[in-house]
Amino acid sequence: MGDDDYDQFYKVVLVGDATVGKTHLLSRYVKSRLPKAPTATVGVEFATRIVQLSNGRKVKAQIWDTAGQERYKAITSTHYRRAVGALLVYDVTKETSFKNAAKWMEELRQSAEPDIVIMLVGNKVDLADKDPASRQVYYDAAQEFANQNGLFFYETSAFTDINVKEAFERLLQEIYDQE
Ligand code: GDP
Ligand code: MG
């Protein structure tokens with residue numbers, strides 16, 4: 001597909017606590033590989049990918065990563081401006097990252113488009129699969145939080161490539177369907 005051959009343009013932002021795997025998810029999705037270490041200070045603001053939805057429509061997704069400013073309220077307004085979708089990421093092995101999802105959700109609804117479509121993503125499910133005792137956030141609890149707040153929800157692994165494409169593309173599809 002050519003670079004300018006698309007029907008819709010969507011800006012999507014990644015949010016969530018530091019170290020939940022945002023940069024790894026983006027790299028996995030856009031480049032089909034994991035980032036070259038170290039990732040915490042990578043200066044790349046966004047990556048783009050043209051995606052064909054199941055209805056045949058082509059969407060250009062411009063996906064914005066954070067560059068280590070994950071402290072609450074530290075992310076600049078530029079990050080959120082005109083974002084129509086978000087991946088709100090937590091780590092299934094880190095309870096605090098899930099607790100903070102509520103704060104990230106509020107910040108999104110205040111700073112991005114008010115009707116922003118949000119995909120809640122529980123990342124690092126490979127760790128919970130390998131060692132069930134490491135899981136701190138249960139699937140059902142996250143699904144319930146998602147249902148209560150009108151979010152879509154997937155558990156993912158950037159490492160073993162579980163549900164990464166599915167989470168990004170379901171989000172794009174839902175943005176398309178909402179318009
Ligand atoms: P960010 O701060 O949210 O951008 O997180 P990073 O993408 O930099 O990842 C933080 C750390 O988590 C790194 O050490 C990664 O190797 C690790 N990580 C990211 N995704 C996964 C995953 O799906 N599974 C596991 N086991 N580790 C991950
Ligand atoms: Mg990062």
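Modeller: In this predicted model, Y29 and F168 are both buried, where buried means under 20% relative accessible area with a 1.4 Å probe, protein chains only. Local features need pLDDT of at least 70, side-chain atom pairs count only at pLDDT 80 or more, and totals for chains, interfaces and linings use all residues. Residues are numbered from 1 along each chain as its sequence is written, chains are lettered from A and ligands numbered from 1 in the order written, and side-chain values use heavy atoms, without hydrogens and water.

Colleague: How is a pair of aromatic rings described?

Modeller: By the distance of the centres and the angle of the planes. Rings of Phe, Tyr and Trp (its six-membered ring) pair if their centres lie within 6.5 Å; planes under 30 degrees apart count as stacked, over 60 as edge-to-face and the rest as tilted. The whole structure holds 5 aromatic pairs. Y29 and F168 form a stacked one, at 4.4 Å centre to centre with 10° between the planes. Y29 belongs to helix 1 and F168 to helix 7, so the pair ties together parts 139 residues apart in sequence. Helices here are DSSP runs (H or I, at least four residues), numbered from the N terminus.

Colleague: Which residues of helix 1 and helix 7 meet?

Modeller: Contact means heavy atoms within 4.5 Å. L25, L26, R28 and Y29 in helix 1 meet V164, K165, F168, E169 and L172 in helix 7.

Colleague: Which other rings are linked into a cluster?

Modeller: Ring pairs join Y90, F98 and F145 into a cluster.

Technical notes:
Helix = DSSP H or I, 4+ residues; strand = E, 2+ residues; numbered from the N terminus. Buried < 20%, exposed > 50% of the residue type's maximum accessible area, 1.4 Å probe, protein only.
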